Amino acid sequence: MITSVDHTAEVASLVERIERLHRVRKAVVLAYNQQLSEVQDVTNYVGDSPGLSRQAAATDAEVIVFCGVHCMA
C-alpha cells in the first residue's frame with residue numbers, strides 16, 4: 001500500500017510492473033474505479049466491483065491482474 005505523500009517513485013514502479021505483466025504474460029488488467037489514476041491509465045478496464053467481475057468472467061486471458069484498493073481487502 002502506498003501511503004507517503006511523495007509517492008512518485010512507488011507509483012512509477014507499480015505502473016511498470018503492471019505494464020510488464022500485461023506485455024509479458026498477456027494479462028488482462030482490471031482496476032477498481034477508486035484506484036490511482038496512474039494505475040487506471042495502464043489497465044484494460046476500469047469499473048466498480050460488479051463490472052470488473054463481469055469483465056473477468058468474460059476474458060479468455062490466462063492471467064488476470066486485479067488492481068483493487070485497501071478497503072476491498
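This is a predicted model: local features need pLDDT of at least 70, side-chain atom pairs count only at pLDDT 80 or more; totals for chains, interfaces and linings use all residues.
## Overall architecture

The three strands form an open sheet with parallel pairing, arranged in the order S2-S1-S3. Strand S2 (45–47) and strand S3 (64–67) are the edge strands, each of them pairing on one side only, and neighbouring strands of the sheet are turned against each other by 20° on average, with direction ignored. Helix H3 (residues 49–58) packs on this sheet and touches S1, S2 and S3, and the direction of H3 makes about 170° with that of S1.

Strand S1 (residues 28–32) runs parallel to S3 and is joined to it by four bridges. Within this pairing, valine 28 has isoleucine 64 of S3 as its bridge partner, and valine 29 is partnered in S3 by valine 65. In a regular strand the side chains alternate between the two faces of the sheet. In S3, Val65 and Cys67 belong to the covered face, whereas Ile64 and Phe66 belong to the uncovered one.

## Nonpolar cores

The largest nonpolar core has 11 residues in all, made up of Val11, Val15, Ile18, Ala27, Val29, Ala31, Val39, Val42, Val63, Val65 and Cys67. Helix H1 (8–24), S1 and S3 are the elements that give two or more residues to this core, and H1 gives the most, with three residues. Apart from this core lies another one, of five residues, which include Val28, Leu30, Leu52 and Val69.

Valine 15, one of the residues in the largest core, touches Glu38, Val39 and Val42 when residues up to four places away in sequence are not counted.

## Valine 39 in helix H2

Valine 39 is found in helix H2, and because its relative accessibility is 0%, valine 39 counts as buried. Leaving out residues up to four places away in sequence, valine 39 touches Leu14, Val15, Ile18 and Cys67; of these contacts, Val15, Ile18 and Cys67 are listed, together with Val39 itself, in the largest nonpolar core.

Valine 11 also belongs to that core, and although valine 39 and valine 11 are 28 residues apart along the chain, their C-alpha atoms are separated by 7.9 Å.

Glutamine 35 has its place in the loop between S1 and helix H2 (37–40). With a relative accessibility of 14%, which is under the 20% cut-off for burial, glutamine 35 therefore counts as buried.

Once its neighbours within four places in sequence are set aside, glutamine 35 is in contact with Gln40, Cys67, Gly68 and Val69.

Notes:
Residues are numbered from 1 along each chain as its sequence is written. Side-chain values use heavy atoms; hydrogens and water are left out. Two strands pair if DSSP finds at least two bridges between them. Axes are lines fitted to C-alpha atoms, for helices over the stretch in contact, and angles run from 0 to 180 degrees between N-to-C directions. Contact means heavy atoms within 4.5 Å. Buried means under 20% relative accessible area, exposed over 50%, partly exposed in between (1.4 Å probe, protein chains only). A nonpolar core is a set of buried Ala, Val, Leu, Ile, Met, Phe, Trp, Tyr and Cys residues joined through side-chain atoms within 4.5 Å.
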